[in-house]
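This report describes the fold and selected contacts of a single protein chain. The sequence and the structure are shown first.

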Amino acid sequence: MAALLSPASTPAQAPAYFGGLLSPKYSVRINRGKFAVVAIALDDYLPMRSTEVKNRTSTGDITSLRVITAIKTPYLPDGRFDLEAYDSLINMQIEGGAEGLIVGGTTGEGHLMSWDEHIMLIGHTINCFGSKVKVIGNTGSNSTREAIHATEQGFAVGMHAALHINPYYGKTSIEGLISHFESILPMGPTIIYNVPSRTSQDIPPAVIEAVSSFSNMAGVKECVGHERVKLYTDKGITIWSGNDDECHDSRWKYGATGVISVASNLVPGLMHSLMYEGQNTVLNEKLMPLMKWLFCQPNPVALNTALAQLGVIRPVFRLPYVPLPLEKRIEFLQIVESIGRENFVGQKEARILDDDDFVLVRRY
């Protein structure tokens, strides 16, 4: 025999079983036997974060960040994370003025990680650097269920905020997009990431405006361009440029708060200057060849190649990524010379590297 507590049950029944924590929205079955077995179907999100994590960061702490690095994940020759190189790269970011890190984003190759790896890396980053820089875990997915699960785990290990992309490949409707983000936003400070070139679906303003009233809505990483940036900033919505080559003008002409940057992996100090020291067309033009070069092939191919050439990481690639060809590696050395080696991360001399220097890992 079993007792069923359903929405038709009286609220007074719930406290007897769950200390008053269960509302009539939840369906519960309790088997009468030696041990009680409970299955709860949640109609609403049940917060998993501890009070300590909830008190760690407010949404306002995230909206004030101007330079957020989409941090690269380095590898050992067998394809595992090279945490020593990772920690060193993060220290270089902090020294250069980066205020936030996106962990396991596109640049960090979160899509090539298992969720165990992904959450471990978020936890490691928080444990080592959480008092010095804001850690924003990319816990987005095209599956709402997976996005919820990963975000619960990310906040449980202490991340300050989450980054969420819209569902890709299996695209959904406008109503589906709103429901997806509404399922995630109650968990903690959140940045929504709009990059149609990767998802093949734009997040239209109607969606952002529909969820902008959530207290956890920190803002948008926007890759569509200046017109969209201005549309949002005019409405008081915090925006970070997702395009390094547009971030100067987005910041100083169209009201963006700052940038979520790939280039800052290489030149964090110069990106900090670009976001903090007023309009500087000379510096922006000086950096433009580097920014264009970084996207000559899909990110993070060029960045991985550049960091290896600088001796900051091992020249190890998880497939399907492979290094840039020789002529592009030569071009990078010319860019380094033009900008000045002292402005780049690391202390070693920049090298071209031979094709045989690179390790491609198929299984990891």
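**Model confidence**

The structure is a predicted model. The chain has an average pLDDT of 89, and 85% of the residues score at least 70. Two stretches should be read with this in mind. Residues 1-32 keep a pLDDT under 50, and the model has 56 contacts for them beyond four places in sequence. Over residues 37-43 the pLDDT is likewise below 50, with 20 contacts in the model beyond near neighbours in sequence.

Eight strands form a closed barrel in the order 4-5-6-7-8-9-10-11, and their pairing is parallel. From one strand to the next, the twist averages 25 degrees. One of these pairings is that of strand 8, residues 190-194, with strand 9, residues 217-222; the two run parallel and are joined by five bridges. Within this pairing, isoleucine 191 has glycine 219 of strand 9 as its bridge partner.

**Helix packing**

| Helix pair | Angle between axes | Distance between axes | 
|---|---|---|
| Helix 14 (residues 301-309) and helix 15 (residues 326-339) | about 65 degrees | 11 Å |
| Helix 4 (residues 83-96) and helix 12 | about 35 degrees | 8 Å |

Helix 14 crosses helix 15 in a right-handed manner. Thr305, Ala306 and Gln309 of helix 14 make this contact with Arg329, Phe332 and Leu333 of helix 15. By class, the residues at this contact are three nonpolar, two polar and one charged.

The crossing of helix 4 with helix 12 is also right-handed. Here Met92, Gln93 and Gly96 from helix 4 meet Pro268, Gly269 and His272 from helix 12. The residues of this contact comprise two nonpolar, four polar and no charged ones.

After helix 12 comes glycine 278, which has a positive phi near 80 degrees.

**Serine 264**

Serine 264 is placed in the loop that lies between strand 11 (258-261) and helix 12 (268-276). Is this residue, serine 264, buried or exposed? Serine 264 has a relative accessible area of 0% and is therefore buried, the cut-off for buried being under 20%. Leaving out residues up to four places away in sequence, serine 264 touches Ile68, Thr69, Gln93 and Met271.

**Isoleucine 352**

Isoleucine 352 is found in the loop between helix 15 and strand 13 (359-361). Its relative accessible area is 33%, so isoleucine 352 is partly exposed; that class lies between the buried limit of 20% and the exposed limit of 50%. Which residues does isoleucine 352 touch, not counting residues up to four places away in sequence? They are Gln309, Leu326, Arg329, Ile330 and Leu333. Gln309, Arg329 and Leu333 also belong to the contact of helix 14 with helix 15. Between the C-alpha atoms of isoleucine 352 and glutamate 331 the separation is 9.1 Å, although these residues are 21 residues apart along the chain.

Key. Residues are numbered from 1 along each chain as its sequence is written. This is a predicted model: local features need pLDDT of at least 70, side-chain atom pairs count only at pLDDT 80 or more; totals for chains, interfaces and linings use all residues. Side-chain values use heavy atoms; hydrogens and water are left out. Two strands pair if DSSP finds at least two bridges between them. Helices (H or I, at least four residues) and strands (E, at least two) are DSSP runs, numbered from the N terminus. Axes are lines fitted to C-alpha atoms, for helices over the stretch in contact, and angles run from 0 to 180 degrees between N-to-C directions. Buried means under 20% relative accessible area, exposed over 50%, partly exposed in between (1.4 Å probe, protein chains only). Contact means heavy atoms within 4.5 Å. A crossing is left-handed if the near helix is turned anticlockwise from the far one by less than a right angle, and right-handed if clockwise. Ala, Val, Leu, Ile, Met, Phe, Trp, Tyr, Cys and Pro count as nonpolar, Asp, Glu, Lys and Arg as charged, and the others, Gly among them, as polar. pLDDT is the predictor's confidence in each residue, from 0 to 100.
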